[in-house]
There are 2 protein chains.
Amino acid sequence: MVKQAKNAISPTRDEDYPMWYQEVVKASEMAEKSPVRGCMVIKPWGYALWENIVSTMDGMFKDTGIKNAYFPLFIPLSYLEKEAEHVEGFAKECAVVTHHRLEAGEDGKLVPAGKLTEPLIVRPTSETIIGESMSRWTSSYRDLPILLNQWANVVRWEMRTRIFLRTSEFLWQEGHTAHATEAEARERTMMMLDVYTRFVEEYLAMPVVRGRKTASERFPGAVDTVCIEAMMQDKKALQAGTSHFLGQNFARSSDIRFQNADKKEEFAWTTSWGTSTRMIGGMIMTHADDDGVIMPPRVAPAHVVLLPIARKEEDQRKVMEYTRSLADALAVRTYHGSRIRVEIDDRDTGGARAWDWIKKGIPLRAEIGPRDMENDCVFLGRRDEAPGKKVSLPREDFINTIDTILDDIQNNLFNRALAFKRENTIEIDDTEEFKALFTAPDENSIHGGFVMAHWCGAAECEAKIKEDLSVTIRCIPFDSKTEQGRCICCGNASGRRVLFAKAY
Amino acid sequence: MVKQAKNAISPTRDEDYPMWYQEVVKASEMAEKSPVRGCMVIKPWGYALWENIVSTMDGMFKDTGIKNAYFPLFIPLSYLEKEAEHVEGFAKECAVVTHHRLEAGEDGKLVPAGKLTEPLIVRPTSETIIGESMSRWTSSYRDLPILLNQWANVVRWEMRTRIFLRTSEFLWQEGHTAHATEAEARERTMMMLDVYTRFVEEYLAMPVVRGRKTASERFPGAVDTVCIEAMMQDKKALQAGTSHFLGQNFARSSDIRFQNADKKEEFAWTTSWGTSTRMIGGMIMTHADDDGVIMPPRVAPAHVVLLPIARKEEDQRKVMEYTRSLADALAVRTYHGSRIRVEIDDRDTGGARAWDWIKKGIPLRAEIGPRDMENDCVFLGRRDEAPGKKVSLPREDFINTIDTILDDIQNNLFNRALAFKRENTIEIDDTEEFKALFTAPDENSIHGGFVMAHWCGAAECEAKIKEDLSVTIRCIPFDSKTEQGRCICCGNASGRRVLFAKAY
């Protein structure tokens, strides 16, 4: 491997965090901006990660009884008018289809024709149209629960976009369930948050804080919104998943009624919950370093790349054969229920080849040269260690312990992120200290963190802090201890600490 | 099971084929029309089938080296102008996004606002935008081949829609590959047709005719289009997949150039190939009968439903326990590489319950009553046999042979369809006979078939037959024998027979 004086990514995290992120994504070849404003092209290496995320989460959903379905891309405009609260929320900035044909204009150029009597909105969420179906499908308590999920693309016209984190089109899943009782719907709300927690912590290796949103941060129309919040390396929070208990509000606006066992008509109790390609941005910002992306092994598109090295022509065939046979031996082994995913890179690009894989974040790189072959060894580098640190390992040991090595990387990534979150989560009781922490000494400084501070419960205090410092209450953590204190904003009495942070 | 004098589906295939199809889909709960014109809601039973189709085909694609990626939903209008041939083809009827915001108008109603400087088209295919990426990603022969596939939703504004067969929005995959040599691109074109053939025949149990499209039926811009054509039960053809060799045409319009090993610049050689949710319509029309859908076991959302029957309350717990333990024993068995997918239906809906599953097309129904339990037996019905024909089978035999039974159903469905296709494929040399076969005695009659007839090769003859009889040349079958004859239209000399049929 070529020695590099500098890191592979420039600028570094310390130099310019937002620019570092862009460069990391670019260098990884996971995705790129497209010619269509605000939309991204997800390249094979990024899409394979998404496929692993989808298949794992999808299996978890199905284990709880969820079934997938597919609803139309378009929403009639009148559906959005029904839900005034939505229009006030995210639905204002959306792609509006007004015509259904193209015709050649006078200058030969194509112009929109065939004006629609009612404009169609490209779904910013399928909530309203799923509600319409649920309304038609529900007449008796026997029809409940309805447990649906959809994997789809959605569009929200964003003015300022950042790849994976905020794009006009993104991929997501939205779950919608309808129940005969409040208790069952509340249980489902928490059940799905548990699934999200498990997935994000055990697969993406991102430790999270679980909690409840305040009234002002709640999803429009929700009675209760619970969430998981993760800490990025710039100490900002990223919401990695939300689950909403909608009470009977959504059923009322979508007319989801059923006859209960006593033949009385009631509105159903519903939930909704979602995660998106945004999680990928969160995963990158949790683990990536100044050499590029680091993929947690359980979701990595490939676990290991084999790099045959043979300068002399007479060695090439033998080294390649040895490499192929090693790949075959690895590919029948498993890690965490999946076959080991092996890549062979036999390109003739010198040291740049290993760096390409470091930037892509593959967990393991195994170099195989004539001397390794003679000793029946591989020369192994781990992505969670410095690029130069490599160890020679007997071939058989490598094959037999690859699952243990991968698990070690997975755990190491989680523990590193957990330590970082712990180091940067503090209790603050002094208002000036609170302000100072969230005030940047200069434009590019990484500052802030997760602050557990007292809050009196008043929306005014919450709004003032947001206004003054761009800091929000990320959640009221479930494990927040009951404790007497003074509101960090107004000094009034408070019974518990909440989680404050700047957020993506 | 309740005895029914009539079939479950009305009208029958003979009475009104198009209406029968609609009723079959409805009764199966696979999909339904949505409130959005021309778009469908794919319900869980239909979507689970699609998921099985996707995961199987996707594995086959990846085995040939294909990688998935994701491209934007929107296409800038100017991209379509670049490809005049496309605009002439299917792209004219499409959803046009002209605004990116909704605002409250004077009457408080929402109106489109934020007019786009350039309208965006909801992708009717991603061809042009994938071409743009390929152009940026290709500079040297070392960058080739590029082997991409995308699973996505696409929109083509259709005036007359039929669920699964022709909808404004549908789900599909489109593959696009770029190669350094003509030979490699031609080989890839055939390789993907082979994948389609294998999937459609071995999984959907639909026998197909493989062949080449005539110049007038070719994909716009293609040098060569190869396809697979299946026969529906009304004897019409349905194109179940196409693969295109695009020569250098597409590379020229998308500017996909590379430097070859001799440092000379060349245009790449490209292919594209696609299949869609339309296949589901084809699968239904191939196998369904007057009692509803019949799912080929290899793609069926569930293989077997267990129906506990216990009229007396004291039996219910015991029967249910027996049923659950049977389900557990079945679920660890496999058929064709997948775990046996088991449903338990313990609803208290009498005979309607079994009929629901017949209409859904589940391959096996196993009834379990107190007497079956005593004898340690199940009472088994196969969907490829008459609803009333059921056999008692010892529990252990059932568990141990379920894979063989499912395979027998899979083969039986294929062989039935193959026999039907053979019976209805004839050679015709007489023009009047040809006309008579394709002329309906009355509106609802099922007539026609696959006709192997001579064609001189003139586009005029092909056009005349299409004009007069709505019959097209589906393909020039690869196995069409070289043989001297007279064109069925003009009587001129012809060297081989081609496949004529009415088509979906």
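This is a predicted model: local features need pLDDT of at least 70, side-chain atom pairs count only at pLDDT 80 or more; totals for chains, interfaces and linings use all residues.
Helices here are DSSP runs of H or I with at least four residues, strands are runs of E with at least two, and both are numbered from the N terminus. Residues are numbered from 1 along each chain as its sequence is written, chains are lettered from A and ligands numbered from 1 in the order in which they are written, and side-chain values use heavy atoms, with hydrogens and water left out.

- The contact (heavy atoms within 4.5 Å) takes 62 residues from chain A and 63 residues from chain B.
- The copies meet through the same surface, because 100% of the interface residues of chain A are also interface residues in chain B.
- The size of an interface is often given as the accessible area lost when the parts come together.
- Buried area is the accessible area (1.4 Å probe) that two parts lose on being put together, summed over both; for chain A and chain B it is about 5200 Å², with 65% of it on carbon and sulfur atoms.
- Y70(A), L102(A) and L110(A) supply 13% of the area that chain A buries against chain B, more than any other three residues.

**Domains of chain A**

- Chain A is assigned domain 1 (17-287), domain 2 (304-421) and domain 3 (425-501), with bounds that come from an automatic or database domain assignment.
- Taken over C-alpha atoms, the centres of domain 2 and domain 3 of chain A are separated by 45 Å.

**Two covered helices in chain A**

- Helix 2 (residues 44-63) of chain A has 20 residues and reaches 28 Å from its first C-alpha to its last, close to the 28 Å expected at 1.5 Å a residue; the expected span is 1.5 Å times one less than the number of residues.
- Helix 2 of chain A is mostly covered, with 15 of its 20 residues buried.
- Buried means under 20% relative accessible area, exposed means over 50%, and partly exposed lies in between (1.4 Å probe, protein chains only).
- Just after helix 2 of chain A comes G65(A), with a positive phi of about 95 degrees.
- Helix 10 (residues 352-360) of chain A is also mostly covered, since seven of its nine residues are buried.
- Among the buried residues of helix 10 of chain A are W355(A), W357(A) and I358(A).
- The cover over the buried residues of helix 10 includes helix 1 (17-28), helix 2, strand 15 (304-308), strand 18 (342-344) and strand 19 (364-368) of chain A.
- After helix 10 of chain A comes G361(A), whose phi is positive, near 85 degrees.

- T189(A) is buried, with a relative accessible area of 4%.
- Leaving aside residues up to four places away in sequence, T189(A) touches V226(A), S243(A), H244(A), F245(A) and T271(A).
- D384(A) lies in the loop between strand 20 (377-382) and strand 21 (390-394) of chain A, and is buried at a relative accessible area of 7%.
- The side chain of D384(A) makes a polar contact with the side chain of R382(A) at 2.8 Å.
- A polar contact is a pair of N or O atoms within 3.5 Å; within protein, one must be able to donate a hydrogen and the other to accept it, and residues adjacent in sequence count only if both atoms are side-chain atoms.
- D384(A) also touches I409(A), N412(A), L413(A) and R416(A), not counting residues up to four places away in sequence.

**Backbone details**

- The peptide bond from S10(A) to P11(A) is cis, with omega near 0 degrees, and P11(A) is in the segment before helix 1 of chain A.
- H336(A) is a residue other than glycine with a positive phi, near 50 degrees, and counts as partly exposed at 40% relative accessibility.
- D255(B) is not a glycine either, yet has a positive phi of about 60 degrees; D255(B) is in the loop between helix 7 (249-254) and strand 12 (257-259) of chain B.
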